[in-house]
Amino acid sequence: MLTQISQLVIGLADLCAAFLFMYGLKQMSSPATAPRGIKIAGVGMVAAVAASFLYLFTVEAAARPHMLVNIGLAVAALAIGGAGAWFVGRKVPMTAMPQMVAIYNGLGGGAAGSIAAVELFGARTHGATQLAVTLLGGCIGAVSMSGSVIAWAKLDGVIKKPMRFKGQQFVNAAAMIASIAVAGVIIASGLGVGGLLLPTATWIWLYFACALLFGILMTLPIGGADMPVVISIYNAFTGLAVGLEGFVLQNPALMIAGMVVGAAGLLLTLLMAKAMNRSIANVLFTNFGTPVKTKPGAIKGTERPVDASDAAIKMRYATSVIIVPGYGLAAAHAQQKLYEFVKLLLAAKVSVKFAIHPVAGRMPGQMDVLLAEAGVPYDMIFQLDDINDDFATTDVALVIGANDVVNPAARTDKSSPIFGMPILNADKAHQVYVVKRGQGKGYSGIVNALFYSPNCEMVYGDAQAVLIKMIEAVRGLGAAAA
Amino acid sequence: MTFAIDMTGFVALYVFMLAAFAGWVIIGNVPAILHTPLMSGSNFVHGIVVVGGLFTLFNASTPLEQGIGFFAVLLGAGNAAGGYAVTDRMLGMFKTSDAKPEHAHGHHHGRVHHLKKKS
C-alpha cells in the first residue's frame, strides 16, 4: 500500500516537474517573462527532489539494511553539492559565465554517467536494449564530464593553447573504437556469455576510463574561438545522457527533461556553427584557431589613428550611432563606462543601438548578458539579422573590442578563412571608429580589411581608458556650451 | 492497482521523439538575446538528473554503489542549484528603457516593433 502511494506521489510530482520545466522554458521567449520562467522551473525541481525521498518506501530488499546510511549520504550530497554550487553561482562574475556553464554541463554529465555505473555494477539492467541504452548514456555522460572539464580549463585560461599532436585523430578514433568494443563485451557478459578474460567489473571500469579519455582527447585540440560551439554540444550531450538514463530508470521526467535539453543544445550548436560559417564536424575534427597568414600586399591603404575625444565629439553631433561590442569590451571591464557614454549620447538626442553578433563573446548570447549587467535596456540591443540593414543609413559605427565579426573580407575575399561567415556590416556606416588595443590582429589572427577602409579611423588604447576620454570630451562640450 | 511506470520499446521512443520536438520548438522561439540564460536554464533543467541519482543511491547496497550514488547526487545537486542561481541572476539583469524613465525615448515594448518603426 505504502509502495503504491509513494509511486503515485512520485509519478505526479515528476509529471508536474516535466510540465513546469517546459512551461518555464517557454516563458524564456521574451526577456519580460523569462525571470518568471526560471522560477516556475525551479518549483518543478524542488517538487521532484522532495518527492524522490518517497523512493525510500520502494527500495529493493538488498538495500533496506543500508537505508539510514543512504539517507545520510543523500542529504549530505544534496547539501554539499547544492549549497556549494549555489554559493559559487551567486558570486561568479558574468564574464566567467561560459566556464560556469561548462562546469554545470560536466556535473550533469558526470551524474548521468554515475547512474549508469551504479546500474551496471549492480547488474540491474536486463536485456540487450537496456544494457545498450545504459552504456550509451553512460558513455555520453562521461564524455560530457571530462570534455567539459577541459572546456572549463580552456575558457578559464588554465590551458592556454589547443593541444595537438600528429595522428591525434587516429588516437581519438582508437579511444572511440575501444569504448565500443568494451561496450560489446559488457553486453555479452550481461547476456551470460562466459570466458571474457576479465571480470565484468573490470570491464566496466575500463569502459568509463575509455569514455573519459575520449572526452579529454576530443576537446583538447579545439581552439578557443570554437568554445561557444563546444559548450553547446556538451549541453546537448548531457541532456541526451540524462534522457537515456531516465529510460533506464523508467523515469519519464528525466527522459523528457533530458530530451528537451538535448534538442535545445543541438539547436544552439547549429546556430553557433552557422554564425561561424562552419559545420559541426569541422569544429570538432579540424584545427581551426591556428593563426592564418594573409599576404601583406592583399589589403591596400593604411590604418589611420584618431583621437578619442575627436571621435566622441563626432558621435555627439551625429544623428545615429550603432555600437558593435565584442569580447574585448568585457575583457577590459569597460561595459559600465560604455553605457555611461551612451547615456550622454542619448541625452543629446542621438539615436543609439547596440549590434550583437551571434558569436560575440565566449558563448551564445554572452555579450547581451554583459550589456544587461551594465544596465543597457534590452530594447536597445539588436541581433545581426535585425540591424544589419541599418548600418548603411547610420552616421557612426563604433566597434569596441570586436574584430572578425566586422571583417568585410568574410563577404568578398574567397581566400579568407572566415569567408562566408555572416558579419555585421559596420563598414557600410558613413564613419567607422574602431577602438582597439594596438595594431595587432584579432582572436583568430586574421587581418581585418575594415581597418584599412577609407571611412574607418582607429582609436588606439585600452577600451576603458578610451571611453573615459570620450565621456570627458562630451561632458566638456556641455560645460563649454553652458 | 499499481502505479509503477513501465515504459518499453516504442512507447519510450515516442516519448523521446515528442520531447525532442517540443524542445526544438520551444527553444527555437527564444530570442538570441537570451541565449546565455537559455543555456544555463537548460543546464538547470538537466539538473533533474539528481532525482535519478537519489533513486540509485537509495537502492545502493554495496559501498561501491553507495560511493558512486553519492557522487551522482552530489554532482546532480550542484548542477541544479548552480544552474538555477546563475540563470535567475542573469535574467534579473534584463531591463527595458520603459523601466527607467530618465532615458526613455518612446514606448518600445518589443524589439521587432521598435525595429519596424525605425526602418
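Q: In this predicted model, what area is buried between chain B and chain A?
A: Carbon and sulfur atoms give 76% of the area lost between the two chains in this predicted model. The contact that goes with this area draws on 119 residues of chain A and 93 residues of chain B. The buried area comes to about 9600 Å².

Q: Which helix supplies the largest share of the side of chain B that touches chain A?
A: Between the chains there are 23 residue pairs in polar contact, both partners being at pLDDT 80 or more. On chain B, the elements that each supply at least two residues of the touching side are α1 (9-28), α2 (35-45), α3 (49-58), α4 (63-91) and α5 (111-118). The largest share, 27 residues, comes from α4(B).

Q: How many charged residues are on the side of chain B that touches chain A?
A: Sorted by class, this side of chain B has 52 nonpolar and 33 polar residues. The remaining class, the charged residues, has a count of 8.

Q: Which residue of chain A forms a salt bridge with B:D88?
A: Side chains of opposite charge can pair when their charged atoms come close. The structure holds 10 salt bridges over all chains, and the pair that involves B:D88 crosses between chains, running from helix α4 of chain B to helix α3 (residues 67-91) of chain A. The count between chain B and chain A is 3 salt bridges. For B:D88, with the closest N and O atoms 3.3 Å apart, which lies within the 4 Å cut-off, the partner is A:R90.

Q: Which helix gives the most to the lining of the second largest pocket?
A: The second largest pocket holds about 680 Å³ of space, and its lining of 29 residues includes A:Y55, A:L249, A:Q250, B:I5 and B:F55, which lie nearest its centre. Both chains take part, since α1 (2-26) and α9 (252-275) of chain A and α3 of chain B each supply at least two lining residues. With 7 residues, the helix that gives the most is α1(A).

Q: How many nonpolar residues are in the lining of the second largest pocket?
A: By class, this lining has 4 charged and 9 polar residues. The nonpolar residues of the lining number 16.

Q: What is the volume of the second largest cavity?
A: Rolling a probe the size of a water molecule over the atoms shows where empty space is left. A search of the whole structure finds 2 cavities of 30 Å³ or more. The second largest cavity has a volume of about 30 Å³.

Q: Which helix gives the most residues to the lining of the second largest cavity?
A: The lining is made of A:G24, A:L25, A:M28, A:G37, A:I38, A:A41, B:G41 and B:V45, and by class these residues divide into 5 nonpolar, 3 polar and no charged. Two or more residues come from each of α1 and α2 (34-51) of chain A and α2 of chain B. With 3 residues, the helix that gives the most is α2(A).

Conventions:
Residues numbered from 1 in each chain as written. Chains lettered and ligands numbered in written order. Predicted model: local features only at pLDDT ≥ 70, side-chain atom pairs only at ≥ 80, totals over all residues. Heavy atoms only, no water. Contact = heavy atoms within 4.5 Å. Buried area = accessible area lost by both parts, 1.4 Å probe. Salt bridge = Lys/Arg side-chain N within 4 Å of Asp/Glu carboxyl O. Polar contact = N/O pair within 3.5 Å; in protein donor to acceptor, adjacent residues only side chain to side chain. Helix = DSSP H or I, 4+ residues; strand = E, 2+ residues; numbered from the N terminus. Nonpolar A, V, L, I, M, F, W, Y, C, P; charged D, E, K, R; others polar. 1 Å grid on protein atoms, 1.4 Å probe; cavity = no way out; pocket = protein on both sides within 12 Å on 5 of 7 lines; lining within 4 Å. Points joined across faces, edges and corners; volume = space filled by probe spheres on them.
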